[in-house]
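Student: Hi! I've just opened this one and would like a friendly walk through it. Can we start once it's on screen?

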Amino acid sequence: MTSLLELIVDGNRLKGTLPTEIGTMASVQMFSVTSNDLTGTLPRSIGRMTTLQYLYVDGNMFTGALPTELGLLTALEGLFVYDNQLNGTVPTELGRLTAMSFLSLRTNSFSGTMPTELGLMTACQELWAHTNNFNGSIPTEIFAMPALKILNLYNNSLTGTLPTQLGALAFLETISLEGNNLVGTLPTELGLLSALTYLDVQTNSFGGTLPTELGRMTALQYFYATKNLFSGTLPKEWGQLVGLDGLFVGQNGLVGTLPTEFGQLTGLLDLMVNDNYLAGTLPTEYGKLTSLLRVHLENNAFSGTLPTEMSQWSN
């Protein structure tokens with residue numbers, strides 16, 4: 001098939017392995033076997049499909065490691081190997097794929113450290129590597145990928161701190177780091193991420209105070225920081241996050257009172273500050289938060305009476 005451009009056999013019941021002969025399909029630009037019952041390893045001959053732009057092998061039962069020959073596919077723009085049983089380390093050769101825009105490794109059993117060479121994929125917009133067994137620190141080179149919009153690394157065993165370089169990711173919209181072993185403080189440079197809508201750092205060991213600079217993230221819709229070691233007070237500057245839909249900071253060590261400025265967050269749907277050491281009275285200004293669906297204030301040290309303004313929480 002010397003002139004074939006696309007081969008798509010998604011959503012069937014194909015079984016068996018990928019034949020090594022696929023390497024002879026020299027003209028194919030898109031190869032997709034998504035959602036079948038294919039098994040075995042990915043053949044090294046894939047590296048001979050040098051015109052390939054999109055490779056989809058997700059949703060099967062492939063095992064083994066990614067072939068290093070993938071690094072020969074310099075025209076590749078999208079590599080989707082998620083929802084398989086792949087393991088081993090991620091080849092450093094992937095760093096050669098400078099045209100790569102979408103890389104999805106999620107929901108496999110990859111292990112070891114994330115290669116620093118991934119930072120060479122300067123066109124990458126989406127990196128999905130969650131739900132694996134990656135360990136070690138997040139390479140600072142990843143935070144130098146200028147086109148990055150989505151970074152999902154949750155449910156791994158990553159350690160270390162967040163580098164200040166992440167403040168340079170001008171197009172970043174989503175960053176999810178939940179369920180790792182990350183430590184240190186949240187960099188104040190997060191406040192530079194003006195496009196960020198979703199920030200999830202819950203279930204780690206982050207500590208220190210919550211940065212006031214997050215109040216500059218005017219596009220932010222959801223902030224998840226539950227189950228960490230944060231201390232200090234809730235920054236009143238966060239009252240400027242008028243697009244915020246969800247604030248989740250429960251199960252930390254926060255003290256002080258609820259900022260009255262949060263009464264400006266009129267689009268807020270979820271307010272979760274449970275299991276901290278917050279005190280004082282509940283601000284009457286929160287009566288303006290008429291969009292609220294869920295409010296968790298339990299296991300703190302609040303006092304006084306319930307404001308009558310809460311009766312405006314009709315939802």
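Student: What order do the strands have in the open sheet of 5 strands?
Tutor: The order is β4-β6-β8-β10-β12, with parallel pairing. Strands here are DSSP runs of E with at least two residues, numbered from the N terminus, and two strands pair if DSSP finds at least two bridges between them. This is a predicted model, where local features need pLDDT of at least 70 and side-chain atom pairs count only at pLDDT 80 or more, while totals for chains, interfaces and linings use all residues. Residues are numbered from 1 along each chain as its sequence is written, and side-chain values use heavy atoms, leaving out hydrogens and water.

Student: Which strands stand at the edges?
Tutor: β4 (63–64) and β12 (157–159) do; each has a single partner strand, so one side of each is left without a neighbour in the sheet.

Student: How many bridges are there between β10 and β12?
Tutor: Strand β10 (residues 133–137) pairs with β12 over 3 bridges, in the parallel sense. S137 stands opposite T159 in β12.

Student: New topic: how many aromatic pairs are there?
Tutor: The search of the whole structure gives 9. Rings of Phe, Tyr and Trp (its six-membered ring) pair if their centres lie within 6.5 Å; planes under 30 degrees apart count as stacked, over 60 as edge-to-face and the rest as tilted. One of the pairs is Y56 with F80, stacked at 4.4 Å centre to centre with 0 degrees between the planes.

Student: Where do Y56 and F80 lie?
Tutor: Y56 is in strand β3 (residues 54–56) and F80 in strand β5 (residues 78–80), so the pair ties together parts that are 24 residues apart in sequence.

Student: Is F80 buried or exposed?
Tutor: F80 counts as buried, at 14% relative accessibility, whereas Y56 is partly exposed at 21%. Buried means under 20% relative accessible area, exposed over 50%, and partly exposed in between (1.4 Å probe, protein chains only).

Student: Which residues form the aromatic cluster?
Tutor: Y198, Y222, Y224 and F248 form one cluster.

Student: And what about cavities, which residues line the largest cavity?
Tutor: The lining is L258, L271, L282, P283, Y286, V295, L297, M310 and W313. On a 1 Å grid over the protein atoms alone, a cavity is a set of points where a 1.4 Å probe fits but cannot get out, and lining residues have an atom within 4 Å of a point.

Student: What's the volume of the largest cavity?
Tutor: About 40 Å³, where a volume is the space filled by probe spheres set on the grid points, which are joined across faces, edges and corners.

Definitions and conventions:
Helices (H or I, at least four residues) and strands (E, at least two) are DSSP runs, numbered from the N terminus. On a 1 Å grid over the protein atoms alone, a cavity is a set of points where a 1.4 Å probe fits but cannot get out, and a pocket is an open set with protein on both sides within 12 Å along at least five of seven lines; lining residues have an atom within 4 Å of a point.
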